[in-house]
Amino acid sequence: MMARLSLISACKAACLVRQPVSQHAGAALIGLRQLCNRAADLSDGNKTIQATAPAVKIIPQQTSAQLLRHQAATISAVEPVQRSMPKWPDTQQHGQDEAHLKQLKRTGYYVKDQTLLLMHHSRGPNFDEALRQFYARTLAMCARPESCVNHIHLNAILGGLAKAWAAAEVRRAIQNHQQAVDDLHRFTAKILMLLQPVCKALSVREASSLLSSLSKLSIDPGLMVAGTVDAVAQQLMANMHLANGQDLADVVAAYSMLQLTTCCEDLMQAVSRQLAVADLSRVGSLRVAKLSYSLATIPTAAPSIKALDALCERFDVLLRSQELAELPSAQSIAITMWALSKLKYAPSDELAASMVGRVVALCHIPKQQPVPQDISNVLLACAELSLPVKQSDIDILLCLLLGRQQHHVAEQHYTNTAWSLAVLGCLHSQLLDTLIDQLSVPSPRQAKISTPSPLKEVGLGQLYQALDWLQPPSSPSAHQHEPWSSLQGKLHKLGPRPAPTKRYLCGNGKLCAALKQLQLPFRSIVSIQSYLADAVVTSPGNKAQPIILTLSNPDYITNIPGRLTGRAVFRTHLLAKQGRLVDVPHDMANEAITVKQLADYLEPILTAAAGGSLNAYRKLMQAK
């Protein structure tokens, strides 16, 4: 019995050892546990205990290290050690490497704790003081050589600071904003000075994350530490083939800083090429939306069709996901569709229907309903890209938009909606009347002003174009013309029709010379409603419809050859209501084409537009 108790005590003592042990010590612990388990099953009267007990010699008051060495020597005779396990060299160099690794981890934990603490204070009134303490502790840590601070820690410091700063900005937790900005710039400059020598050690993920953090902080490191952004950009260029969707999104989000670098255009083009082949399987809908938005608003991005195909394919996968968390929000869909319309890239009709259908479905979920800007952007994108939309979906979106309180809807949302529905062919007089009425009622903010601010020219132009689309034929009946006249009067109260945007296409002089050669009377640069015509051929007494000539570059959808944008189709439709429209390709008026060649090109086209003969137009010219 005493031998059994001593054996169990020895096992417990060995298990209490917390320091790392060698292979032999580990094997000893295994053998000791096995031996302990066997001994625990023996009864007091079992005589086999006499054969087992002597295998372990009990030495009173042994230390843990002594006990382990003694048990290793004893158990090796009972159960051999596995020699195939690797042997760690117990050298001084290995000890130094292990100590260095532990210190790196300790520094990483410290940085994480400090950034989490700063994030916690971003919700309270003491954020300014928390920032000062964060700066002081962080710089003190970086000043100690034994902290082993490397580029990973520095990147994490800026990343944590960016998140906390953004959160504090949203909650307006910064008390002395100018002082906080000055302190931020000084601290960031010191961190970047430490980071600059090790820029080449940054991975793609670290480099893109660094740029994203500096962008969120509105910091331009090029102004504080010369060459830092260029070094990071060059590092990204060298390793662009390793970038995934998240990395690319961070890079394009930091364009405001990168545009100052010498390689910005090359970098943006490299991003576009990589986007076509990168792994987007872990990119969520909001990041796809941000990527699309950046590509649409960055002049030097010039994304390829393949890159946009990849983004749309990823969005299609997310729309069909079975995970609720992966399904796109209304905001993500609206931003993506708006960006695609700016890029003149049309998603497939099936994908477009799924995107609109998802937004419509969210209209019935209170906490996920689209805001007015989302509805406006979705309808605008469908109009710009000539995407088919079900009338039932339009009705649901309009019901939600018009049901919102007027001060929650911006003027642009109403004007975008009116123009979009006109382009889609879904606008009617009663609906436009409702939208104009919403704009005629001053918001609570404008009600306090004696003279409310008028609509912007862009919004007024959209409303007048929507009104032009509803304009009845030239000889309407009285009951058709009356509602339109009422709408026109209401719209005039909101503001006059804006002047058409001037175009600076060369070739108008050559077009006029060709019309003179054809002996046709015309007026040059004529304003027709919201558009400018390069020339209008008229007949004596206006007995024949005018022929409207415009020099234009066809505005096509980039990924569907021959398909005009909705804006181009709408322009053609409105001008055609005012006369016989002839669009002259701008290439026909370039320097390589002579006036005679242009006249020979125009004559059969104008003859067909005039109904087979130009004599009705030439009589006025002959009389003169």
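Buried means under 20% relative accessible area, exposed over 50%, and partly exposed in between, with a 1.4 Å probe and protein chains only. Helices (H or I, at least four residues) and strands (E, at least two) are DSSP runs, numbered from the N terminus.

This is a predicted model, in which local features need pLDDT of at least 70 and side-chain atom pairs count only at pLDDT 80 or more, while totals for chains, interfaces and linings use all residues. Residues are numbered from 1 along each chain as its sequence is written, and side-chain values use heavy atoms, with hydrogens and water left out.

**Helix H12**

Helix H12 spans residues 245-253 and is mostly covered, with seven of its nine residues buried. The buried residues are Gly 245, Asp 247, Leu 248, Ala 249, Asp 250, Val 251 and Val 252. They pack against several helices, among them H9 (204-216), H11 (228-238) and H14 (264-275). Contact here means heavy atoms within 4.5 Å. At the start of H12, a side-chain oxygen of Asn 244 comes to within 3.1 Å of the backbone nitrogen of Gln 246.

**The sheet**

Four strands form an open sheet in the order E1-E2-E3-E4, with mixed pairing. Strands E1 (522-528) and E4 (580-585) are at the edges with a single partner strand each, so one side of each has no neighbour in the sheet. The twist averages 35 degrees from one strand to the next. Axes are lines fitted to C-alpha atoms, for helices over the stretch in contact, and angles run from 0 to 180 degrees between N-to-C directions. Two strands pair if DSSP finds at least two bridges between them.

E1 and E2 (residues 531-537) run antiparallel, joined by six bridges. They form a hairpin with two residues between them, and Gln 529 in the turn has a positive phi of about 55 degrees. Three bridges join E2 to E3, also antiparallel. E2 is mostly covered: six of its seven residues are buried. Residues that stand opposite each other are listed here.

| Residue | Opposite residue |
|---|---|
| Arg 523 | Val 536 in E2 |
| Val 536 | Ile 548 in E3 |

**Cysteines**

A disulfide is a pair of cysteine sulfur atoms within 2.5 Å. The structure holds zero disulfides. For Cys 264, the nearest cysteine sulfur is that of Cys 263, 7.5 Å away. Cys 264 is buried, at 6% relative accessible area. For Cys 399, the nearest cysteine sulfur is that of Cys 363, 8.9 Å away. Cys 399 is exposed, at 59% relative accessible area.

Conventions:
A polar contact is a pair of N or O atoms within 3.5 Å; within protein, one must be able to donate a hydrogen and the other to accept it, and residues adjacent in sequence count only if both atoms are side-chain atoms.
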